[in-house]
Structure formats: structure tokens, C-alpha cells
Amino acid sequence: MTIRNKPQKPRPNRGWLLLLALEALAIPAMGLVLVWSGIERTDTTYFINIAQNEARERQTLHAKLEMERDRLLSPYELRRRAEEFGMKEPKAGQIRCMGVR
């Protein structure tokens, strides 16, 4: 009794089906990643613009405050304020220097 082996039919190669399934999953994933990165870029740009505008406003305010300080400390303004409060320049002998020991 001999066992005859039936000739095997070649199995069809199904690797292309697996590759097609992987591509069908990868394409939407790549699309989501691209959309997400675009949204993040837009969001980051928005916050950068807000920070730049805030920095410009603070620089402008700083410059205005420096000008106001310089104006208030100018000799003309100090003299005018002193006269407004009835202050006069000290006479000779009224100024005393106190040294550090």
C-alpha cells in the first residue's frame, strides 16, 4: 500500500492583501497627523502673536513711563513744584553734610 501524494496546487500569494490593509489604515492615520500638526501650528502662531503684542504694549508703556519720570525729575518741574509748596533754595550754612563713619 503506497500513499500517493496529491500534487499540491500553488497557494495564491496573499501578501498584497495584507499590504493593502496596512495602507488602508496608514492613509487615514497620516491624514489625522497632518491635520493635527496644522492645528497645533496655527494654535502656536496665535499664542506667539498674542505674546508679541503684549511685549510691544509693555515696551510702549515702559517708554512712556520713562519719559514721564524724566519730565517729573527735570529741574524745571522740581523748581515749579517746590515753589508750589512754598519751598525755597537753602541759604549758606543751612546745608550740612553728614559723613559715614
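Begin by selecting Arg 80 and Glu 77, which are three residues apart in helix α2 and therefore separated by about one helical turn; helices here are DSSP runs of H or I with at least four residues, numbered from the N terminus. Their side chains meet in a salt bridge (2.7 Å, N to O), a term that requires a side-chain nitrogen of Lys or Arg within 4 Å of a carboxyl oxygen of Asp or Glu. This is a predicted model, in which local features need pLDDT of at least 70 and side-chain atom pairs count only at pLDDT 80 or more, while totals for chains, interfaces and linings use all residues. Residues are numbered from 1 along each chain as its sequence is written, and side-chain values use heavy atoms, with hydrogens and water left out.

Glu 77 counts as buried at 6% relative accessibility, whereas Arg 71 is partly exposed at 42%; buried means under 20% relative accessible area, exposed over 50%, and partly exposed in between (1.4 Å probe, protein chains only). To see the whole network of salt bridges, select Glu 68, Arg 71, Glu 77, Arg 80, Arg 81 and Glu 84.

Next, go to Tyr 46 and Phe 47, whose ring centres are 5.4 Å apart with planes at 70°, so the pair is edge-to-face; rings of Phe, Tyr and Trp (its six-membered ring) pair if their centres lie within 6.5 Å, and planes under 30 degrees apart count as stacked, over 60 as edge-to-face and the rest as tilted.

Definitions and conventions: Helices (H or I, at least four residues) and strands (E, at least two) are DSSP runs, numbered from the N terminus.
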